[in-house]
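Here are some notes to read with the model open beside you.

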Amino acid sequence: MVWDPKDPWGKKPDPLEEVLKQAQSQLKDILPPGGLKSLLPSGGAWNLIIAALVIFLVWQSVFIVSPDEEGVVKRFGVPVRAVEPGPHFKIPLIESVLQPKVAKLFRVEVGFRTNQQGRQQMVPQEALMLTGDMNILAIEFIVQYKIKEARDFLFNVADIHETIGKAAEASMREVVGKSKIDEALTTGKAVIQQDTLMLLQTILDQYHAGVQIAAVQLQDVDPPEAVAAAFKDVTNAKEDREKLINQSQSYRNDIIPRAKGEAAELVNRARGFAQARLNRAQGEANRFLATLKEYNQAKDVISKRIYIETMEEILPNMEKVIIDGKGGERVLPYLPLDRLSKSKSSSLGKSTQQLEADESRPEPTSIQKPRGGRP
């Protein structure tokens, strides 16, 4: 039926219905006179087709996730679930699977690029950065990351590699902008790497990028070429200063313990000497008290003994003959003094017992020569 626009009561045809009618007419022209039934096989061929179709459906339904992967199942392009490593099932022709490498360590280069020959070429617009003390540095570094959440990694960020590179460059510029050039060139590299890693991880977490930053490694930190020589001299001077400081610290650590040891040795030696003197003085005092006690009991004998010991002490290398004062005038002329002087092995003096024995002997008769010359 053709719709007449002049007839207001006529029914307006449905466009979809017209399209279906045209498709049917075209299909009739394409098919043979017998219709669709003439194309279908019969008997064993039909069974083979059914078996092949079943095998195809089973093959499309089973998938295996490797140990280093994580499976993300999509249904009509929308992620519906994530699966762990191992065999799993999906709806054929409706669901599809993405299997990113979650255990792989990916690498992003910032400030330079490595060509196919393995040579590195600096990218100035990424490498040149301004420090906190208004100096320019060319910084080249590498960012290493792993996939933490496969669904977020695949669908939340369009170009995750470029996003990580830009975020890493921004993080490094912020950290270097708060640091001094001396720190970036010498001792502050580890701090810069750690601060950049933490800041970059915070930014990517805000993006829900689903990645975990493993490391930020500085490859090369150099001043601009125009002042490279001057900066090199400054760096060498600082290294020499650190070397001298370390040497002085080593000398200090060596000399101070040695001095302390010598001081402790002297103190211990002095204490030992003081204790020895104290003990000796105590012994001499005890000896004196013992001698005093004996002296009070026999004053004559002790006086003689002390006298003899004193003479032996003050005259050690001389021959001595000790005679009691009472009989000295009678005994002295008869002593063989010449034989005593010749005998080297004779005793240096008589003991107290010998003196007492001499006193007990009878005194010899003294012969005196008369003054007139006669006997």
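Which helix holds both Arg269 and Glu265, and how many residues apart are they?

1. Arg269 and Glu265 both sit in helix H8, four residues apart, or about one turn of the helix. Their side chains meet in a salt bridge, with 3.1 Å from N to O. An α-helix has 3.6 residues a turn, so residues three or four places apart point the same way. Glu265 has a relative accessibility of 45% and therefore counts as partly exposed.

2. Now for the overall picture. Please keep in mind that this is a predicted model. The protein has twelve helices and eleven strands, and 22% of its 375 residues count as buried. Among contacts with a separation of 6 or more, 64% are between residues 24 or more positions apart.

3. The structure holds 14 salt bridges. One of them pairs Asp205 with Lys148, at 3.6 Å from N to O. Asp205 belongs to helix H7 (residues 189–207) and Lys148 to the loop between strand S10 (136–147) and helix H4 (150–155), so this pair ties together parts that are 57 residues apart in sequence. Both ends are partly exposed: the relative accessible area is 36% for Asp205 and 39% for Lys148.

4. Lys238 is partly exposed at 21% relative accessibility; the cut-off for buried is under 20%, so Lys238 does not count as buried. Asp182 is partly exposed too, with a relative accessible area of 36%.

5. Glu70 is one to look at by eye. You will find Glu70 in the loop between strand S1 (62–65) and strand S2 (71–75). Glu70 is buried yet has no salt bridge, and the nearest side chain of opposite charge, that of Arg151, is 7.5 Å away. What does Glu70 touch, leaving aside its neighbours within four places in sequence? The contacts are Val65, Ala82, Val83, Leu98, Gln99, Pro100, Val102 and Ala150.

6. H5 has 18 residues and reaches 25 Å from its first C-alpha to its last, close to the 26 Å expected at 1.5 Å a residue. Its buried residues are Ile160, Ile164, Gly165, Ala167, Ala168, Glu169, Ser171, Met172, Val175 and Val176.

7. On the surface, a nonpolar patch is formed by Leu53, Phe56, Leu57, Trp59, Phe76, Ile91, Leu93 and Ile94, with about 860 Å² of accessible area together. Leu53 comes from helix H2 (residues 44–61) and counts as partly exposed at 48% relative accessibility. Phe76, another member of the patch, is found in the loop between S2 and strand S3 (78–83). With a relative accessible area of 67%, Phe76 is exposed.

8. Finally, a backbone point. Which residues other than glycine have a positive phi? Phe76 is one of them, with phi near 55°. His208 is another, with a positive phi of about 55°. His208 lies in the loop between H7 and strand S11 (211–222) and is exposed, with a relative accessible area of 51%. The cut-off for exposed is over 50%, so His208 falls on the exposed side.

Methods: Residues numbered from 1 in each chain as written. Predicted model: local features only at pLDDT ≥ 70, side-chain atom pairs only at ≥ 80, totals over all residues. Heavy atoms only, no water. Patch = residues over 30% accessible without salt bridge, like charges linked within 9 Å, V, L, I, M, F, W, Y side chains within 5 Å. Areas by Shrake-Rupley, 256 points an atom, 1.4 Å probe, with all protein chains shown as cover. Salt bridge = Lys/Arg side-chain N within 4 Å of Asp/Glu carboxyl O. Helix = DSSP H or I, 4+ residues; strand = E, 2+ residues; numbered from the N terminus. Buried < 20%, exposed > 50% of the residue type's maximum accessible area, 1.4 Å probe, protein only. Expected span 1.5 Å × (residues − 1). Lys, Arg positive; Asp, Glu negative; His and termini not counted. Contact = heavy atoms within 4.5 Å.
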